[in-house]
Amino acid sequence: MRPAPDRRTFLRIGGMAALTLGAGMSASAGPSRSDWNALAGGLDGRLIRPGDASYDTARRLFNPSFDGVRPAGVAYCATPSDVAECVGFARRTNVPLAVRSGGHSYAGWSTGTGLVIDVSPMDKVSHASGRATVGAGAKLVDVYERLGASGVSIPAGTCPTVGVSGLALGGGIGVVSRKYGLTCDVMESVQIVTADGRLLTCDADHNADLYWASRGGGGGNLGVAVSFGFRTHRTREVTVFFLHWPWARAAKALRAWQAWVPSTPDELWSTMHLSRDGGTDVQIGGLYLGDRAGCERLLDRLADRIGAVSSSYVRQTSYRHAMMIMAGCSTLSVSQCHRGGSLPGQTRDGRLSRDNFTAKSHMAYRPLSEAGARALVAEVARPGNHTVLLDALGGAVGRVRPEATAFPHRAALYSVQYYAHRAGAASWARTAHASMRPHFGDHAYVNYVDAELRGWRSAYYGANAERLARVKAAHDPGRLFRLPQGI
């Protein structure tokens with residue numbers, strides 16, 4: 001048995017696209033120094049400007065690729081009123097906006113040359129009567145820990161420093177999604193500051209169009225989310241697992257995995273990682289909402305299709321510790337399972353590092369054929385530091401109608417990430433994505449936003465794009481909130 005994989009081995013899922021607005025857009029007339037001073041004076045939080053001691057830290061995202069972007073200001077908003085103040089400032093001065101929660105936007109759209117609205121100070125998490133109230137700036141590791149203290153949780157992803165708002169607004173694929181649905185499926189309400197500066201509570205009975213659009217429509221199109229209400233589920237002991245096979249069995253393992261997952265109960269979620277970096281094996285991991293013996297029976301069925309494993313890790317543990325394992329933080333404290341630093345949303349003893357990466361995505365609506373599996377394995381086998389991650393869907397996710405929320409990919413079997421590091425990353429991701437298009441089609445996940453994606457409107461939103469456009473026109477007719485790939 002090998003130890004649980006560390007954070008580098010087990011890559012993250014679920015919402016690495018941050019809440020974003022108009023990043024990088026140029027304004028025709030910028031604010032004056034007195035305008036900036038007035039904004040700073042009107043905030044309960046802090047405004048960081050170029051030249052301030054903390055500016056170089058404040059302007060950085062999770063991905064160092066975007067370190068060259070220099071915002072004119074970063075506003076750490078302590079209250080919804082602070083957000084409204086920033087929105088009004090942008091409306092008056094025509095400064096472009098970018099909104100940041102966790103700063104994980106794949107395309108870097110949680111920064112820009114204008115004003116960055118950072119909602120990380122609004123990170124309170126509470127629970128009462130089966131419902132969680134979560135501030136938009138809360139990080140997933142803190143959401144799991146604080147709700148876990150009450151014996152409850154919500155379905156969400158694995159990356160510990162992702163902000164809950166970016167995850168939930170784009171859908172929210174996670175480690176218990178097959179049992180409890182996407183993060184957006186348990187979203188019962190959301191509070192949003194809209195383009196006119198109003199704070200709207202949106203649920204099934206109030207501002208229902210905004211509520212619908214906020215469940216999978218992606219961050220940055222309609223306003224700034226500041227708080228969410230989520231339906232919770234009770235937690236129990238669970239079983240986590242990581243199995244490995246030699247690379248020679250990669251194509252066989254891929255075809256076996258995609259046939260096996262739909263045959264398992266909703267209590268099981270699984271992910272498959274194909275990578276030649278640092279090893280020559282195939283990893284299939286996941287989580288089972290049950291005991292070890294039940295999990296092992298299901299895993300034996302998979303191994304029978306692939307062949308004997310080269311190594312395995314199967315452990316029954318508490319739900320809270322399982323989330324730390326899946327985050328790659330099994331040996332760290334919750335405080336250490338953050339990026340280091342003294343700014344809101346980070347911790348002084350944080351151990352997690354930033355990651356220079358390029359990524360693209362597909363949503364698999366049908367199983368790969370034998371030829372498709374061989375093609376994907378061949379792409380991964382090319383030289384370089386890259387990984388393909390397949391995350392299971394189905395179960396509760398597939399029992400929601402595609403039009404019931406803005407997230408359209410209810411029929412998808414699994415998501416696909418092409419995730420590449422450092423030199424040559426963009427070239428490999430571009431080539432691998434293009435080569436697999438004939439096999440996967442033109443479906444993509446908005447939380448893995450791709451600045452190069454053609455036909456992105458249909459790929460992200462499918463038939464829901466038209467309704468999203470109507471909601472956008474109703475609530476932001478002047479397009480104050482704008483993205484390069486904005487509805």
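Cys202 has 0% relative accessibility and so counts as buried (buried means under 20% relative accessible area, exposed over 50%, partly exposed in between, with a 1.4 Å probe and protein chains only).

This is a predicted model: local features need pLDDT of at least 70, side-chain atom pairs count only at pLDDT 80 or more, and totals for chains, interfaces and linings use all residues. Residues are numbered from 1 along each chain as its sequence is written, and side-chain values use heavy atoms, without hydrogens or water.

The whole structure holds 1 disulfide (a pair of cysteine sulfur atoms within 2.5 Å). Cys329 and Cys337 form the disulfide, S to S 2.1 Å. Both are buried. The torsion about their S-S bond is about 75°, so the disulfide is right-handed. Cys77 is in no disulfide; its nearest cysteine sulfur, that of Cys86, is 3.9 Å away.

Now the sheet. 4 strands form an open, mixed sheet in the order β1-β2-β4-β3. Strands (E, at least two residues) and helices (H or I, at least four) are DSSP runs, numbered from the N terminus. Two strands pair if DSSP finds at least two bridges between them. β1 (46-48) and β3 (97-100) stand at the edges, each with a single partner strand, so one side of each lacks a neighbour in the sheet. β1 pairs with β2 (residues 73-76) in the antiparallel sense over 3 bridges. Leu47 stands opposite Ala75 in β2.
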